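Colleague: Could you walk me through this one before I set anything up?
Modeller: Gladly; here it is, and then we can go through it topic by topic.

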Amino acid sequence: MLAAVPISWFLTLSAVLFALGVAGFLFRHSIITVFMSIELMLNAVNLSFVTFSYHRQQVNGHLYAFFVMVVAAAEAAVGLAIILTIFKNRRTLNIDDVDSMKN
Amino acid sequence: MDSFIVISLIKTAVVFAVLLTTLAYLQWVERKVIAHIQVRPGPYRVGWHGLLQPVADIIKLLTKEDLVPPYVNKPLYLLAPFLAMTMALLSIAVIPFGPQIQVAGYQTFMQLTDLNIGVLFVLAVSSMGVYGIALAGWSSNNKYSLLGGLRSSAQMISYELPMSLAIAAPLLISNTLSLRGLVEKQAGGIWNWNVLHGPFPQIVGFIIFLIAAFAETNRIPFDLPEAENELVAGYHTEYSSMKFASFFMSEYANMITVSCMATLLFLGGWVAPWPAQYGSSYVPAVIFALAGLVALYHGFHPARRRDGYTLPFFGVLFLIAAAVFLLPMVQSWLIPLFWFCAKTGGILFGFIWIRGTLPRFRYDQLMGFAWKFLFPVAMLNLLVTGFLVALRS
Amino acid sequence: MDVILFLVFAIIAVVCAINVVVQTHPISSAVSLVGVMGSLAVLYLLLGAEFLAAAQVIVYAGAIMVLFVFVIMLLNAGAEAKKGRSFTAQLLGLPLLVAFLGLMAYFVQRLFPQSTLVHFGGFKGGGVAEIGHALFTTFLLPFEVTSILILIAILGAIVLARKEMD
């Protein structure tokens, strides 16, 4: 049994979470679930940043992850406000029904 | 390594046992204090002076029918009280109750674990406590519960901001996030406590922290989301027996946590108000002796017949406790523990006193107060503290 | 010990992430996403990022996800309807995803065979003092810019969610 975790395991976990986020983003119809898959992708990338920060023994990766968190918070606030406005006007949360600009 | 695990397990068992007993008897204290504020005796019949009332309440809550209504969202319904209880009990893990002690040859701290981000840990755990209430309100499938849950969660997250800013100011003065380090920096006496010390005494910060703590724990005057005559019973309408008891216990555990945090951040933890060489070690003994003498005096002129033998018994008990405080063997850890419990108990008494005295805020008044008054004042406090700390160094 | 910790929380994270994508009702997805963020916070602690772990729980799991849960409750979002599923997307999607994943995992293994071993305590530079120092010296400009970004986000959210003042 290994005494410590190889760094490639962390990166593989980050890849798995990112791929699951992409899957949710592409295959789901509810706008809130799509938004949550975006947050999942951002978390996977944060894990990558922190892993490389450990690899290089510097604190910069933590700072990048921190800024990603801050931007994600701002994006969540505005995105959810947009979702509320869409619901108020279209009465639906299905992204396939918000297609009045198509054709 | 082995002894570390054994000692940690013993400490966890002791802290857990003491905490659960304190939760039960805190409810007794609350009922007695509110009763005496309203000029009535309070719980009196179940055991002497109602001291067995919490036991009766626990038996009642455990033996009630555990009803799970068929229309609720079962996974979330069962998860919510579990989350609330876990988060409430988790923050006690980092609270230091006293200095280093010697137990059977091993040196150990009176704290389960000393994280060097202790303050952030407590903040994180209290942010997660919002979920228990929000999910309870949602999963009950009941419009009163939903409204109560939403209002309560919105109140908790709104008041987290002034609380965090009020916490940040003494951290600037003490320069450490570890809770044990905070107390060690306030050693010396009452003039060293964060509330009176430093380039900017944190009196405003202390008051803001206490007000925000009232709102975080859903206590009067901020308890509209769970008031009985407002929203049936708010988010815990559909819960019965043990799950209802979990919400109840988590509210009291949250109260204990924020009182301990206020003591550690602002009032100096277990540090006595003046140094031991000027006689502060005799204060606990004097207080207990006075309590014992008062109980004995009232025992000889009893107001009710039963007091004729219960009050002298408690009087003798208090005098024995006063004698215990004079033993030099236990003074090194008992006296700091006494000061910590006295300060925390004082703040808890303040919680109960305000519950018995003030009416409650309306919801829009509550939210307006948080965002329009408390948050700017907390930011101003932090700015002034930071400016003065930077000027001094 | 570190391996067991990593495996337990990595499996919890993956299971919760699969739950986020697979569940029909948004609130179950939201609660599973909170689980993902909690287990990621433990993994950050393993990597020595103590401030970031606390910030993850306070900001991400304790504020952003509460906002999500609020919106789901306010909109009374129901379970997703099953109409309009494209068969080609389902047929091609999953294998392509697995191929994408396999490619990334292969490259990761090639670039970092057994180089760095992560053990608890291996990186001591992630404490609050180091983060604060870097934040206010090297990263001062991004810090100030993000504060303006947050102000813009607050203004945007208030304007968008306001009732019509007619």
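**Chain C and its neighbours**

Modeller: Where chain B meets chain C, the contact takes 18 residues from chain B and 17 residues from chain C, two residues being in contact if their C-beta atoms, placed from the backbone, lie within 7 Å. This is a predicted model, in which local features need pLDDT of at least 70 and side-chain atom pairs count only at pLDDT 80 or more, while totals for chains, interfaces and linings use all residues. Residues are numbered from 1 along each chain as its sequence is written, and chains are lettered from A and ligands numbered from 1 in the order in which they are written.

Colleague: Which elements give two or more residues to the side of chain B that touches chain C?
Modeller: Those are α4 (118-139) and α5 (143-174) of chain B, where helices (H or I, at least four residues) and strands (E, at least two) are DSSP runs numbered from the N terminus. The largest share comes from α4(B), with 10 residues.

Colleague: And how do the residues on that side of chain B divide?
Modeller: They come to 15 nonpolar, three polar and no charged; here Ala, Val, Leu, Ile, Met, Phe, Trp, Tyr, Cys and Pro count as nonpolar, Asp, Glu, Lys and Arg as charged, and the others, Gly among them, as polar.

Colleague: Switching to chain A, how many residues are in contact there?
Modeller: On the chain C side there are 71 residues, in contact with 63 residues of chain A. Of the elements of chain C, α3(C) gives the most to that side, with 11 residues, and the residues of that side divide into 54 nonpolar, 14 polar and three charged.

Colleague: What about strands, in which sense do β1 of chain A and β1(C) pair?
Modeller: Strand β1 (residues 5-6) of chain A and β1(C) pair in the antiparallel sense over two bridges, and two strands pair if DSSP finds at least two bridges between them. Within β1(C), C:Leu117 is the bridge partner of A:Pro6.

Colleague: OK, and what does the secondary structure of chain C come to?
Modeller: Chain C has six helices and one strand, running α-α-α-α-β-α-α from the N terminus on.

Colleague: What radius of gyration does chain C have?
Modeller: Chain C has 20 Å, whereas a compact globule of 166 residues would be near 15 Å, with the radius taken over C-alpha atoms and the globule rule being 2.2 Å times the number of residues to the power 0.38. The C-alpha atoms of chain C fill a box of roughly 60 × 45 × 25 Å, taken along the principal axes.
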